[in-house]
Amino acid sequence: AYRRQRQMCIRDRHKTKQNTIMKLNKEQFEAFSMEISTFGNIPICSQYCGIGCVFCKVHTDSYLGHYPKIPFIDEEDLLKGFEFINPKVNYVRLGAGVLVAPHTDPFLHPNIYKFIKMASDYFPTKKVTTVTTGAYIDENMIDYLNGISNYGIDLSLITMQEQRESIIPRSERERTLFLLKNGPINKCTLMFTGNLEDLKRDIELLYSLGVEKKAKQILVRRIEHTATSQQRLKVLSQASIDGYERCIEWLSSNYPNIVFTVPVLKDSFRGGSNEYFIEAEEHIARQKMIISGLPKDTIVNLICPMSGYEYFTKAFKDYPNVKTNLIENHLYGGSVTVSGLLNHDDIREQFHPDRNDVMLLPEEMYNSEGRDLKGEKMEILEQYYKAKIYLT
């Protein structure tokens, strides 16, 4: 079975090399540049990777169809893309985007190794990364990649236990182990499948290979699903969700340096990484500053996703003119809780205030062009509610 998998990967790489590298047209370049300026990801092609990950969005997220597929970009487009990287960010990511070309693998591009070197030379003070399962990395190029001082692989390890092939059908176990032992690993991501013993064995494997010493971060993620996710992902995700607090409690006690995602701002999720709480406090500080400059009788409605609703409600409990409003992520549904996936339709559906002078919305709702997930500008929501909106 392994030999068949390798033969399939070799054939896929051969097919990839036959693809014509093209320049982006106007529509494609607009999507390309929006992805870069909003998320810091440089999408370099839209070819479906074919690894078959159970959590892949390509077949289940109808919203992604709003964005054009991009061809294999050329060097000129890559250099133009560099200009849209926010100078304040520390990372430059090549490959899959969040909204544009999210289902691909950067190592499908025939010029990926040259692109990595171009990016590392162009951004010598930033870390250049590629998010990948590692299935298409050429082991013969590892020494070359190790020689680029500011490059690192963000390896989506998922798990190395028995469930691996059911989650990643073409998992390339041997290549993954080779990368863990020899590759320039910047970050290694594990997914908590609901089985704590499996997570323990995964972490023990990483530590036995010294990954914790060379990687900047080992990250444990809770598995999420949307309303349209395939059923086997929903079952897997629910098991992850049900046991996640116990998982974090164990991680905090045994591996306090391992980072974990925070689906909801609650004290039980403090410890592995406090960046989510730090960002929340920064949001709250900005919101309180705006409120302090308003007339005291101004009614302020704070729009909150599920991830921060209780946390923000507690922060404003002594503000009689401020109301926090829970807006659930109905567009995607499932276990989605975050502010970045809120949109105008969900707000209009759920938010019907008696009085509404000012609204405070999370800035993560909008891309670099000031549009929500469905493409609306903030001003449309202001007109709908006849209220002043501040993004914080």
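A residue counts as buried when its relative accessible area is under 20%. The legends below use that cut-off for a predicted model.

**Figure 1. Cys 53 and the cysteines of the chain.** Cys 53 has a relative accessible area of 13%, so this residue is buried. The closest cysteine sulfur to that of Cys 53 belongs to Cys 49 and lies 5.9 Å away, too far for a bond. A disulfide requires two cysteine sulfur atoms within 2.5 Å, and the count by this rule is 0 disulfides. Cys 304 is also buried, with a relative accessible area of 2%.

**Figure 2. Overview of the protein chain.** The chain contains 14 helices and 11 strands. Its C-alpha trace spans about 70 × 50 × 40 Å along the principal axes. Of the 392 residues, 51% count as buried. Among contacts with a separation of 6 or more, 71% are between residues 24 or more positions apart.

**Figure 3. Helix α2 and its two ends.** Helix α2 has 14 residues. From first to last C-alpha the helix reaches 20 Å, close to the 20 Å expected at 1.5 Å a residue. At the start of α2, a side-chain oxygen of Asn 25 comes within 3.2 Å of the backbone nitrogen of Glu 27. Just after the helix, Gly 40 has a positive phi of about 75 degrees. The buried residues of α2 are Gln 28, Ala 31, Phe 32, Ser 33, Met 34, Glu 35 and Ile 36. The elements that cover these buried residues include β1 and α3.

**Figure 4. The buried face of helix α3.** Helix α3 covers residues 75-82, and its buried residues are Asp 77, Leu 78, Gly 81 and Phe 82. Viewed down the axis of α3, these buried residues fall within an arc of 150 degrees, so they line one face of the helix. An α-helix has 3.6 residues a turn, so residues three or four places apart point the same way. The cover over the buried residues of α3 includes α2 (26-39), β1 (41-42), β2 (91-94) and α4 (112-122). Asp 74 caps the N-terminal end of α3, with a side-chain oxygen 3.2 Å from the backbone nitrogen of Glu 76.

**Figure 5. Thr 176 in helix α7.** Thr 176 is part of helix α7, which runs over residues 173-182. Its relative accessible area is 2%, so Thr 176 is buried. Leaving out residues up to four places away in sequence, Thr 176 touches Thr 133, Leu 155, Leu 157, Met 160, Arg 164 and Ser 171.

**Figure 6. Thr 298 in a loop.** Thr 298 sits in the loop between α11 (275-292) and β8 (300-304). Thr 298 counts as buried because its relative accessibility is 9%. A polar atom of the Thr 298 side chain lies 2.8 Å from the backbone oxygen of Pro 295. Apart from neighbours within four places in sequence, the contacts of Thr 298 are Asn 321, Asp 357 and Val 358. Cys 247 is 51 residues from Thr 298 in sequence, and their C-alpha atoms are 44 Å apart in space.

Notes
Residues are numbered from 1 along each chain as its sequence is written. This is a predicted model: local features need pLDDT of at least 70, side-chain atom pairs count only at pLDDT 80 or more; totals for chains, interfaces and linings use all residues. Side-chain values use heavy atoms; hydrogens and water are left out. Buried means under 20% relative accessible area, exposed over 50%, partly exposed in between (1.4 Å probe, protein chains only). Helices (H or I, at least four residues) and strands (E, at least two) are DSSP runs, numbered from the N terminus. The arc is that of the directions from the helix axis to the C-beta atoms. Contact means heavy atoms within 4.5 Å. A polar contact is a pair of N or O atoms within 3.5 Å; within protein, one must be able to donate a hydrogen and the other to accept it, and residues adjacent in sequence count only if both atoms are side-chain atoms. The expected span of a helix is 1.5 Å times one less than its number of residues.
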